[in-house]
Amino acid sequence: MKFEINPLRKRQVLGMLIGTILGVFLFLFLSSEANEEYKSLGPMNTGHEDFSCSSCHSDAEGSLWAQTQSNLQYSIGLRANSVAYGTLDVETKKCLACHERDNDRHPTHRFLEPKYKEAVEKINTASCITCHSEHNAKRLTLSKVDYCMHCHEDLTVKNDPIDISHETLIATEQWDTCLQCHDFHGNHEYKTPSVMKDTLSYEALDIYFNGGKDPYSTKKKFTALSEKEWIEKFLK
Amino acid sequence: MKNLTTLTTPFLTLLLFACGGVPEKKETAAVEKMEFAVAEVLEMVAKENDITRTLYTKAIVGGGKKQGMKFDEDWQKEEVEAGPLPALFLRGIANDIRKSETPLGLYLGSDFPINKANKLEGKQADLFKKIKEDRKPQFFYDENQEVHTAMFADVAGAGACVSCHNDHEQTTKTDWKLGDVMGATTWQYPADSLSYEATLGVLKAYRNGTKAVYEDYLAEISKFEKSEKPEIGDKWPSAGGLYLPSPEVFLDSVRELASYDTMKVLLN
């Protein structure tokens, strides 16, 4: 009897072949550093525009083959732990490698104190990405800037220097006015106004949060490390 | 079907086992000998903190003020030519510890803080009431963050603590006295026991933090334009002039004062 390959099987083989070739091509294409932008979830945030992926996304341990093996082994109970696949998660510590400053008015670790438990449940200020989610071409990615209320709702200021007292602003829940005087991280060098009409407009702040001009001041006490400086400091 | 199984079985076996995958991380806890309970270590480093802060407050802030040196909340602002107040000196140390690989947390709070953001709340406030009564440390496990937490009395050990807090424009209490429990330090560490090496790591992280903040202070001084710069070297303000000890001299004094208590724990 003559053996004949079913025409449907031929199509299957052809499909697999095309799929494999396409897969290999895509893998090679996306693995190339020159094509990083096609893998990005979106445009980088302000100040990070020229970063390469590997600045933030460190390679996970082992080759992709070894990672696949390890996770397959883990899935059928042959090893105790799974492993990261491809790259490691970007954590706050990674951001702080460049942005850590001693004069930060709200350093992320401050919110790890037990008393901030409830506030952190509402807004996790212990993590940079809560407010600065990457790949959004912005500075601030929160939709509302009323977050001061979670910790400062009982603030009182003796000899209040501003014409509309902090107590009044809080009582009337004008939480979006805080940033019109106070830079959250406290790195800008500027004189705080004493009358509300001299404070920054919300529109100016909105432009800044969306990646535009800095309305607080051009003078900063500390500047974050550039990618080159970071490489010099941590990789060499 | 049989052919398919024959072909795929060796392939899957190869995929699963060839080269072995990423090596499993060994549990360091299983091989390292745990020498110290976390409470012991936190007590040791809290004592070192007491000594450091008292020395800084008495000899640098108290002594320096008598010679005309200034200390300010906004000491890092460009237009301010001053040194860090003791609470901010501690905050600086806490910041620097977080830069290290040692998972140690340090915070300072009070029931009558100058800045309301430093007011103790919740469980910390409850335990602080006990601390004020008997001045004994309090320990608890913070299930939320899964860290062992300890609180220690922060006692007014220098005249400068009392006078600055009583006279501060934003103070919430004006009758502090020397020896009062003015607040508490809160410390966190994730493990319940530590090896000798990890214990030294905690001590080192704290000492490196002290060095870093003191060096930051001296770096600020080097940028003074309007104020006279103190002479940095072997002398302290108590020598009767604008003198400040170098980081080595300051840290040597801390080590000398803390060594008995610290070594008692380490060599136990």
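**Exercise 1.** Which side chain meets that of A:Asp102 in a salt bridge?

*Solution.* The model is predicted: local features need pLDDT of at least 70, side-chain atom pairs count only at pLDDT 80 or more, and totals for chains, interfaces and linings use all residues. Residues are numbered from 1 along each chain as its sequence is written, chains are lettered from A and ligands numbered from 1 in the order in which they are written, and side-chain values use heavy atoms, without hydrogens and water.

Step 1. Recall the criterion: a salt bridge is a side-chain nitrogen of Lys or Arg within 4 Å of a carboxyl oxygen of Asp or Glu.
Step 2. The partner is B:Lys99, at 3.1 Å from N to O.
Step 3. The pair crosses between chains: A:Asp102 lies in the loop between helix H4 (92-99) and helix H5 (117-122) of chain A, and B:Lys99 lies in helix H4 of chain B. Helices (H or I, at least four residues) are DSSP runs, numbered from the N terminus.
Step 4. Over all chains, the whole structure holds 14 salt bridges.

**Exercise 2.** Determine how helices H7 and H8 of chain B are oriented to each other.

*Solution.* Step 1. H7(B) (residues 196-222) and H8(B) (residues 247-266) pack at about 160°, with axes 11 Å apart. Axes are lines fitted to C-alpha atoms, for helices over the stretch in contact, and angles run from 0 to 180 degrees between N-to-C directions.
Step 1. H7(B) is therefore roughly antiparallel to H8(B). Angles under 35 degrees count as roughly parallel, over 145 as roughly antiparallel, 65 to 115 as roughly perpendicular and the rest as oblique.
Step 2. Residues in the contact (heavy atoms within 4.5 Å) include B:Leu200 and B:Leu203 of H7(B) and B:Phe250 and B:Leu251 of H8(B).

**Exercise 3.** Classify the packing of H7(B) against H3(B) and against H4(B).

*Solution.* Step 1. The axes of H3(B) (residues 38-66) and H7(B) come within 9 Å and cross at roughly 20°. H3(B) is therefore roughly parallel to H7(B).
Step 1. Among the residues joining them are B:Val41 and B:Met44 of H3(B), and B:Val202 and B:Tyr206 of H7(B).
Step 2. For H4(B) (residues 86-99) and H7(B), the axes come within 8 Å and cross at roughly 125°. These two helices are therefore oblique to each other.
Step 3. Here B:Phe89 and B:Ile93 are among the H4(B) residues that meet H7(B), where B:Ala205 and B:Val213 are among the partners.
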